[in-house]
Amino acid sequence: MPALRNDPGRGMEDNLKRAVTEMLVLTLLSREDMHAHQIMRCLEEETGHTLSLASPYMLFYRLMENGYILEAYKKAAPDGRRRQYYQITVEGVRYLADLLTLYHRITNGVALLLGERDRETLEEEA
């Protein structure tokens, strides 16, 4: 169930999305070079429309500034516009591995604390 704007859970939802978006964008770029619209579309589709990037460029600039991705090349789109393709760097691959390790450690710890029974109980009460 989506959080309402005045819902206290909204801040948690926004923070979780922000925290994993960088990792997911790097994951997409580890598969293949992509342009911004392609990244946005894949992120939304492959997360079951749970996550989206309204304006991805702040994230891209931060990742480029840290040396994790680069503007690799431009290609003409079918409509004639030139699209900028982004590519993950060797440093970005290392950073992604670190993020994935941290992500799995945290989510496994949370799962241990909550347990399957707690999740089912909460879903029944909702």
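Colleague: Helices (H or I, at least four residues) and strands (E, at least two) are DSSP runs, numbered from the N terminus. Where does Leu114 sit, then?

Modeller: Leu114 is in helix 4. Bear in mind that this is a predicted model, where local features need pLDDT of at least 70, side-chain atom pairs count only at pLDDT 80 or more, and totals for chains, interfaces and linings use all residues. Residues are numbered from 1 along each chain as its sequence is written, and side-chain values use heavy atoms, leaving out hydrogens and water.

Colleague: Where is confidence lowest and where is it highest?

Modeller: Going by pLDDT (the predictor's confidence in each residue, from 0 to 100), helix 4, residues 90–125, is lowest with a mean of 85. Strand 3, residues 82–88, is highest at 97. The protein's mean is 88, and 84% of its residues reach 70 or more.

Colleague: New topic: what's the overall layout?

Modeller: You'll find four helices and three strands, and from the N terminus they go α-β-α-α-β-β-α.

Colleague: What share of the contacts links residues 24 or more positions apart?

Modeller: With a contact being heavy atoms within 4.5 Å, such pairs make up 45% of the protein's contacts with a separation of 6 or more.
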